[in-house]
Amino acid sequence: MGSYRWKHRHAVVYASVKVEDVKEQADYLYGSGETEKLYEFLSQHQDSSDAEILWRLSRATRDLAQLSKTSPNDKKRLVYESRDFAKKALEINESCSPAHKWYAICLSEVGDYEGIKMKIGNAYIIRDHFQRAIELNPKDATTIHLIGLWCYMFADLPWYQKKIAAALFAAPPSVTYDEALIYFEMAEEVDPNFYSKNLLYLGKTYLKLKNNETASMWLHKAKDYPVRTEEDKEVHKEATDILKSLGVKV
């Protein structure tokens, strides 16, 4: 019995160290922009019972889906897988802020394959997971930005999509560009210049509010943001195109 206890205690310690090693290696690969290597590495741990590993796998799976060289069929498969990994992480640990964030992100992207009715129908679920993520980690600028983006998208819905929302909900989401702006600015307060897309949407929101001067300032910041990812490239192009449309030399 004493021998069993000794072995069991050391097995638990070993397992704990192994989980920490996996997270450390995953964070290193993520910080290095090694999307494919990260996915391959974390895929070996898809049966993990650790929420911290599973939300990282959800993020890596989603990031792989976003690569331009990923085929449409693979992208669809990966988007659904990323949602499932985040959902599993939440089932294991409801108090894991990143799991809420990545479940909301991936659930939104699954909506791209299930039609506008389903995408709008999941709107409140997505918002609630973002809000829960912020409750658990109020300093997460990315999640604050994402709630701002949620507000912006609903404020910007075409009339026919607003009709769908009205049919789906007793009280459909009623948000404004001003509300979106609050979250985008809050994200900048928490972590200045943390994300090129937040800078872009600050510019776009100010444009919607007819404040072209302030919009141009933020769009220049987005354009000048260091390009590290494919998303940064897209932001750079969109910011540049908007500035040109405003008659600004870039």
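Ground rules to start. The model is predicted, so local features need pLDDT of at least 70, side-chain atom pairs count only at pLDDT 80 or more, and totals for chains, interfaces and linings use all residues. Residues are numbered from 1 along each chain as its sequence is written, and side-chain values use heavy atoms, with hydrogens and water left out.

Confidence next. pLDDT is the predictor's confidence in each residue, from 0 to 100. The chain averages 89, and 92% of its residues reach 70 or more. Contact here means heavy atoms within 4.5 Å.

Now the overall fold. We have 13 helices and zero strands. Those are DSSP runs, numbered from the N terminus: H or I over at least four residues for helices, E over at least two for strands. The C-alpha trace spans about 75 × 45 × 35 Å along its principal axes. Take contacts between residues at least 6 apart in sequence: 61% of them join residues at least 24 apart. Of the 250 residues, 43% count as buried. Buried is under 20% relative accessible area, exposed is over 50%, and partly exposed lies in between, with a 1.4 Å probe and protein chains only.

On to the cores. A nonpolar core is a set of buried Ala, Val, Leu, Ile, Met, Phe, Trp, Tyr and Cys residues joined through side-chain atoms within 4.5 Å. The largest one has 63 residues. Leu42, Phe130, Trp150, Phe154, Phe184 and Leu200 have the most contacts inside it. Its largest share, ten residues, comes from helix α8, residues 141–155. A second, separate core has seven residues, among them Tyr39, Leu64, Leu78 and Val79.

Stay with α8. Threonine 143 sits in this helix. Is threonine 143 buried or exposed? Buried, at 0% relative accessibility. Beyond four places in sequence, threonine 143 touches Lys101, Phe130, Ala133 and Ile134.

Then the helix pair. α8 packs against α11, residues 196–208, at an angle of about 35°. The axes are 11 Å apart. Axes are lines fitted to C-alpha atoms, for helices over the stretch in contact, and angles run from 0 to 180 degrees between N-to-C directions. From α8 come His145, Leu149, Tyr152 and Met153. They meet Lys197, Asn198, Tyr201, Lys204, Thr205 and Lys208 in α11. By class, the contact has four nonpolar, three polar and three charged residues.

Two loop residues deserve a look. Asparagine 193 has a positive phi of about 55° although it is not a glycine. Asparagine 193 lies in the loop between α10 (177–190) and α11, and is partly exposed at 38% relative accessible area. Lysine 210 also has a positive phi, near 65°, and is a residue other than glycine. Lysine 210 is in the loop between α11 and α12 (212–224). Its relative accessible area is 72%, so lysine 210 is exposed.

Last, lysine 221 in helix α12. Lysine 221 is partly exposed, at 34% relative accessibility. What does lysine 221 contact, leaving aside neighbours within four places in sequence? Asn193 and Leu199. Arginine 127 is 94 residues from lysine 221 along the chain, and their C-alpha atoms are separated by 28 Å.

Note on methods:
Ala, Val, Leu, Ile, Met, Phe, Trp, Tyr, Cys and Pro count as nonpolar, Asp, Glu, Lys and Arg as charged, and the others, Gly among them, as polar.
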